[in-house]
Amino acid sequence: MALNHKSKFLFYNIIIFCSGAIANLAIPPFYIFPSVFALGFGIYLITLSPSFMKSFVSGWFLGFGWFTFGLYWIGSAFMVADTFHKVLMPFAIVILPSILAIFWGFACVFAKLLTKKKHSSIFLTIVFLTLFEYLRAKLFTGFPWLMPSMTLSSNEYLIQIFSFIGSFTANLFVFTFSILPFILISKI
């Protein structure tokens, strides 16, 4: 049975969501660094989106997967002895990641805006994701938690090198490194 257009788009975004979620295995407490390539796979799929709206939705799904699984522990804070705080748990585990994912969605739209081709530029997508990570950390009182540069925290040598250039530039490095295999495969 063939899938219709909406079903394909939903399946496509579920894969992108899972890419963002799997990439969280590269950050503490797991430190499975090769899982950072799942983030690159999600970014690569987003660059194939044909329209602005689909780019935004796909970027949002990648960010939602990243932030939902990376900030899971915030929900645990509501499971304390006081029962009246449990009502706030959906805000922490669903709405907060949804809002943070908007930054990634807009980053993908801006990358598509500056590309004249049907597909977004991988380079522009990486640059705008890095820029919007900076904006996420600074705007609206900022929320600099769970930056992709955290994937480097398990390697003490890399962390020392990146201490000179900062975590935002390290985000650029992580985004670029995570997508390199997919750039090489697509050129073959």
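**Group meeting talk: patches, rings and helices**

Hi everyone, let's start on the surface. Phe52, Leu88, Phe91, Ile93, Val94, Ile95, Ile99, Ile102, Phe106, Phe110, Leu113 and Leu114 make up a nonpolar patch there, and together they have about 1,000 Å² of accessible area. To belong to a patch, a residue needs over 30% relative accessible area and no salt bridge; like charges are joined within 9 Å, and nonpolar side chains (Val, Leu, Ile, Met, Phe, Trp, Tyr) within 5 Å. The areas come from the Shrake-Rupley method with a 1.4 Å probe, and for residues only the protein chains shown count as cover.

Before we go on, a word on where this comes from. This is a predicted model, in which local features need pLDDT of at least 70 and side-chain atom pairs count only at pLDDT 80 or more, while totals for chains, interfaces and linings use all residues. Residues are numbered from 1 along each chain as its sequence is written, and side-chain values use heavy atoms, with hydrogens and water left out.

Which helix gives the most to it? That is helix 5 (residues 89-113), with nine residues. Helices here are DSSP runs (H or I, at least four residues; strands are E, at least two), numbered from the N terminus. Ile95 is partly exposed, because its relative accessible area is 36%; buried means under 20%, exposed over 50%, and partly exposed in between, with a 1.4 Å probe and protein chains only.

Now for the enclosed side of things: helix 2 (residues 36-47). Helix 2 has twelve residues and reaches 18 Å from its first C-alpha to its last, close to the 16 Å expected at 1.5 Å a residue. That expected span is 1.5 Å times one less than the number of residues. Why is helix 2 described as largely enclosed by the rest of the structure? Because ten of its twelve residues are buried. Among them are Val36, Leu39, Ile43, Tyr44 and Ile46.

Next, a salt bridge, meaning a side-chain nitrogen of Lys or Arg within 4 Å of a carboxyl oxygen of Asp or Glu. By that rule the count is one. The partners are the side chains of Arg136 and Glu133, at 2.6 Å, N to O. Both sit in helix 6, three residues apart, about one turn of the helix. An α-helix has 3.6 residues a turn, so residues three or four places apart point the same way.

On to the aromatic rings. A pair of rings is described by the distance of the centres and the angle of the planes. Rings of Phe, Tyr and Trp (its six-membered ring) pair if their centres lie within 6.5 Å; planes under 30 degrees apart are stacked, over 60 edge-to-face, and the rest tilted. The count by this rule is 19 aromatic pairs. One of these is tilted and joins Trp73 and Trp145, with 5.6 Å between the centres and 35° between the planes. This pair links distant parts of the chain, 72 residues apart: Trp73 is in helix 4 (residues 72-76), while Trp145 is in the loop between helix 6 (122-138) and helix 7 (156-162). Trp73 counts as partly exposed at 42% relative accessibility, and Trp145 is partly exposed at 44%.

Another tilted pair is Phe162 with Phe173, at 5.1 Å centre to centre and 45° between the planes. Phe162 counts as buried at 10%, whereas Phe173 is partly exposed at 33%. Ring pairs also link Phe17, Trp60, Phe61, Phe64 and Phe69 into a cluster.

Last stop: the loops. A cis peptide bond joins Pro28 and Pro29, with omega about 10°, and Pro29 is in the loop between helix 1 (5-23) and helix 2. That loop also holds Tyr31, which has a positive phi of about 60° although it is not a glycine. Tyr31 is partly exposed, at 41% relative accessibility. Leu146 also has a positive phi of about 60° without being a glycine. Leu146 is in the loop between helix 6 and helix 7, and is buried, with a relative accessible area of 4%.
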